[in-house]
Amino acid sequence: MFFDHGLFGLLWRTAISKPSAPAVALGTQTWHTYGDLLQRAGQVSAGLQRMGCRPGDRVAIFAKNDPAWLELMFGCWHAGLAVVPVNAKLHARELAFIMQDCGAKVLFFDEGHAEAEQALSLVGNGVTGIAINSNEHRAWLQGEMAQPAVVEPQALAWLFYTSGTTGQPKGAMLTHANLLAMATLYAVDVEPEGVSRALLHAAPMSHGSGLYMLPHVLHGSVQVCPESRGFDALEVESLMNHYASTAMFAAPTMVTRMTQACRGALPGLNTLIYGGGPMYVADCMQAMNRFGQRLAQIYGQGETPMTITSLTKSMHDRSHPKLADRLASCGLPQTGVQIRILDTNGDALPVGETGEIVVCAPTVMQSYWNLPEATAKALQNGWLHTGDVGCFDTQGFLTLKDRSKDVIISGGSNIYPREVEEVLLRHPGVAEVSVMGQPDADWGETVVAVLACQPGHGPTDEELDALCMAHIARFKRPKRYVRVAELPKSAAGKILKGELRKQLSAGELDAIRQTDLM
């Protein structure tokens with residue numbers, strides 16, 4: 001019976017065994033017990049079925065973090081529907097594209113969200129919009145619970161649209177079996193010491209934080225939404241003073257802000273999981289000095305969410321003789337996940353050689369939504385071609401170099417931006433940096449560093465040149481340094497290199513000077 005209901009079975013199992021346990025909270029206030037959440041999910045399911053939704057249909061959620069996320073998500077799965085999580089910061093036209101592309105039947109959105117209203121008008125009558133927590137929404141939930149649908153393991157559960165930095169976004173089709181495997185691997189490989197009793201959602205629920213609801217629901221943990229519905233370092237600190245044994249998924253930039261802003265020792269913090277972008281060694285060391293051995297890293301993609309490698313808390317041991325090397329890596333392959341490093345001909349490379357990372361695992365997506373050519377390119381002979389570049393060391397730790405599209409080829413030599421970024425961040429005056437290539441008639445590409453400085457600090461080009469020359473080969477150092485107030489980031493905290501490239505090409509960023517090319 002358990003898997004006949006797919007992922008809804010996770011909630012059902014916990015609600016039957018722990019009906020009075022807190023399931024969802026807004027700030028410090030309990031919103032639902034597990035018994036309440038089970039009933040609400042059944043009411044959501046009944047409401048969607050009354051609207052004509054049938055198993056396999058898609059329901060989009062366009063909202064900031066909110067307790068309603070859980071009842072909507074599990075309500076969809078109760079009815080055999082697929083959830084389409086959408087970044088609440090998208091433009092109306094981007095939202096409209098996603099709804100039209102996946103054929104969404106229903107859109108749940110934050111009340112008063114102008115972009116949602118505009119997107120619904122663009123799509124027309126094909127999608128029904130329901131404002132979360134509105135009077136209509138509350139009235140809609142007054143009906144009886146429906147019976148849960150029978151769901152096959154390979155049925156679509158989560159249709160996640162990628163960022164679309166190289167064109168229109170693609171919908172990665174993740175099945176109930178994919179996400180059940182992810183939830184299981186979390187307990188085995190991310191928090192093997194025991195799953196935290198609370199999960200704090202300061203990162204978007206439409207991304208990794210939302211997926212990590214699954215293992216925590218299975219283990220009866222309380223899901224905590226900040227009252228701000230997002231990330232505020234001091235609010236995080238306050239909530240971690242209230243809740244014991246708390247886990248939180250955070251982008252590296254969020255971890256850095258917490259390191260700088262939080263005043264106390266965060267007694268309630270159990271596991272701070274970072275991922276979604278590179279965490280530089282210097283930043284990681286500062287966070288460890290601040291919060292102790294409570295950090296864990298994951299590496300995954302939307303196409304195989306949260307589950308390629310992990311670097312557990314025990315691997316963040318400050319006494320380890322090769323700690324810096326470990327922190328520069330993204331850890332060991334998760335249980336049952338196969339990883340290979342391939343050259344441009346598709347042949348496997350030995351330890352220490354850099355190439356494309358390919359993955360075979362039970363968490364790998366089924367396909368891209370209605371994109372057979374893109375699917376055939378990404379999934380070859382059962383292996384997901386990630387587009388990421390990396391290498392293994394002799395102990396099996398995987399180190400990411402960069403996205404294959406981000407590798408800079410200058411004068412015939414490959415330059416990996418992350419390596420240069422790690423060096424520049426050694427300077428105390430550099431807060432954030434993004435290194436990229438810019439077309440050059442003589443060299444093919446030259447290295448450009450776009451950086452944001454710490455308040456009151458402004459390292460000179462000469463200082464940065466000297467730092468690079470002391471740590472990396474001369475040809476890798478940036479030929480141009482560009483200062484900006486802040487680097488553009490996605491909702492998940494990733495630096496948007498594509499946006500920076502556009503701004504550079506358009507001459508929108510002011511360069512201090514250009515150094516000699518030699």
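I began with rings: those of Phe, Tyr and Trp (its six-membered ring) pair if their centres lie within 6.5 Å, and planes under 30 degrees apart count as stacked, over 60 as edge-to-face and the rest as tilted. By that rule I have 4 aromatic pairs. I looked up Tyr-212 and Phe-249, an edge-to-face pair with 6.0 Å between centres and 90° between planes. The two are 37 residues apart and link distant parts of the chain: Tyr-212 is in the loop between α8 (208–211) and α9 (213–218), Phe-249 in strand β11 (residues 246–250). Helices (H or I, at least four residues) and strands (E, at least two) are DSSP runs, numbered from the N terminus.

I noted that this is a predicted model, where local features need pLDDT of at least 70 and side-chain atom pairs count only at pLDDT 80 or more, while totals for chains, interfaces and linings use all residues. Residues are numbered from 1 along each chain as its sequence is written, and side-chain values use heavy atoms, with hydrogens and water left out.

Next, accessibility: buried means under 20% relative accessible area, exposed over 50%, partly exposed in between (1.4 Å probe, protein chains only). Tyr-212 is buried at 1%, and Phe-249 is buried at 9%. Ring pairs join Tyr-186 to Tyr-212 and Phe-249 in a cluster.

I then turned to the nonpolar cores, sets of buried Ala, Val, Leu, Ile, Met, Phe, Trp, Tyr and Cys residues joined through side-chain atoms within 4.5 Å. The largest has 114 residues, and Leu-48, Trp-77, Leu-179, Leu-214 and Met-248 have the most contacts inside it. Helix α3 (residues 68–78) gives the largest share of this core, 8 residues. A second, separate core has 26 residues, among them Ala-82 and Val-127.

Last, I checked salt bridges (a side-chain nitrogen of Lys or Arg within 4 Å of a carboxyl oxygen of Asp or Glu). The structure holds 12. Glu-237 and Arg-263 meet in one at 3.5 Å, N to O. Glu-237 is in helix α10 (residues 233–242) and Arg-263 in the loop between α11 (252–261) and β12 (269–274), 26 residues apart. Glu-237 is buried at 5%, whereas Arg-263 is exposed at 66%.

Glu-422 forms a salt bridge with Arg-418, with the closest N and O atoms 3.5 Å apart. Both lie in helix α15 (residues 417–424), 4 residues apart, about one turn of the helix. Glu-422 and Arg-418 are both buried.
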